[in-house]
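Hello,

Here is the structure I promised to pass on. Please have a look at it first, and then read on for what turned up.

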Amino acid sequence: MYGLADSIYVARIDFTAPKIMVIDFPRDLWVEIPDIADHHGITAGKINQAYLYGNPGMGYYDGPGKGPGLLARTLDFNFGLRVDHYFASDSQTFVRMINAVGGVDVKVESPINLNFGMETPDPKLYLSVGTHHLDGNLAYELATNRIPSTFQRMKYQRIILNALREKLLSPDMLPKLPKLVAQFITSVQTDLSLSDINRLICIGQAVTEENVRVDSFPQEMFTASGIYDPSRKVTTFIYEADFDQIRAMVADFMNGIWPFP
């Protein structure tokens, strides 16, 4: 799978509690990217570029794990975040997955208008307050909308992730999960074995809703800025942040402490 890492999520799973904690990283953080300087002299980039540089055929990275592997190395190098396993999916597979489970039901607390820039508004792209059933294409429209910022997109993605979790763990869907795993295992990048995936399904059934937390770093931690990107030879948009603060929060996260208010 080629392209940039559009969304970067890290999950910590405690099999004894059981408890699941998930955080996402803004894709526009400018970071040091290890293990690629010997190829083209590039040492830094947006964090989402690490995934691109790591994939075979790009000629930047010779280490394990391809794109996800280099992204994991980059998270560790910059923030001390150790990644044990990875799972990566492209946009087409995301749409197919949502359709394969029959769509998802999302709860909208304030109106969402996805008709930006369209001469003729599509009523399907306006979500009023209430519960809406989304197919794969509409879920993708919501998950990729970043008006007014990437932080809003993260919020939309969390809505979909929560809805997808509820759908996958519903009584009607649980018996179908092994077949779904077999259907999509060759369409994703992962080092998870079928045994690992079965364990994740089991803990997904056991964990209570109050023991699942999905969140982002506080938006006020980040400042919009720009920097010259030598690989693209343009000035590109980035977010600046206090990396020491991020490292401290990541350390809490890795120790099973929820670092966010």
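Let me begin with the cavity lining: the residues around the largest cavity divide into five nonpolar, three polar and four charged. Here Ala, Val, Leu, Ile, Met, Phe, Trp, Tyr, Cys and Pro count as nonpolar, Asp, Glu, Lys and Arg as charged, and the others, Gly among them, as polar.

Before going further, please note that this is a predicted model, in which local features need pLDDT of at least 70 and side-chain atom pairs count only at pLDDT 80 or more, while totals for chains, interfaces and linings use all residues. Residues are numbered from 1 along each chain as its sequence is written, and side-chain values use heavy atoms, with hydrogens and water left out.

Back to the cavity. On a 1 Å grid over the protein atoms alone, a cavity is a set of points where a 1.4 Å probe fits but cannot get out, a pocket is an open set with protein on both sides within 12 Å along at least five of seven lines, and lining residues have an atom within 4 Å of a point. Grid points are joined across faces, edges and corners, and a volume is the space filled by probe spheres set on the points. The structure has one cavity of 30 Å³ or more, and the largest cavity holds about 60 Å³. Among its lining residues are Asp6, Tyr9, Arg27 and Met154. Helix α6 gives the most to this lining, with four residues; helices (H or I, at least four residues) and strands (E, at least two) are DSSP runs, numbered from the N terminus.

The second largest pocket contains about 640 Å³ of space. Of its 25 lining residues, Lys107, Glu109, Arg158, Ile159 and Asn162 are the closest to the centre. Again α6 supplies the largest share, nine residues.

Which residues of helix α5 (residues 136–144) are buried? They are Gly136, Leu138, Ala139, Leu142 and Ala143, where buried means under 20% relative accessible area, exposed over 50%, and partly exposed in between (1.4 Å probe, protein chains only). These residues sit on the same side of α5 because they cover an arc of only 165° around the axis, taken from the directions from the helix axis to the C-beta atoms.

Two backbone details are worth a look too. The peptide bond from Ala17 to Pro18 is cis, with omega near -15°, and Pro18 is in the loop between β1 and β2. Asp35 is not a glycine, yet has a positive phi of about 70°; Asp35 is partly exposed, at 43% relative accessible area.

Best wishes
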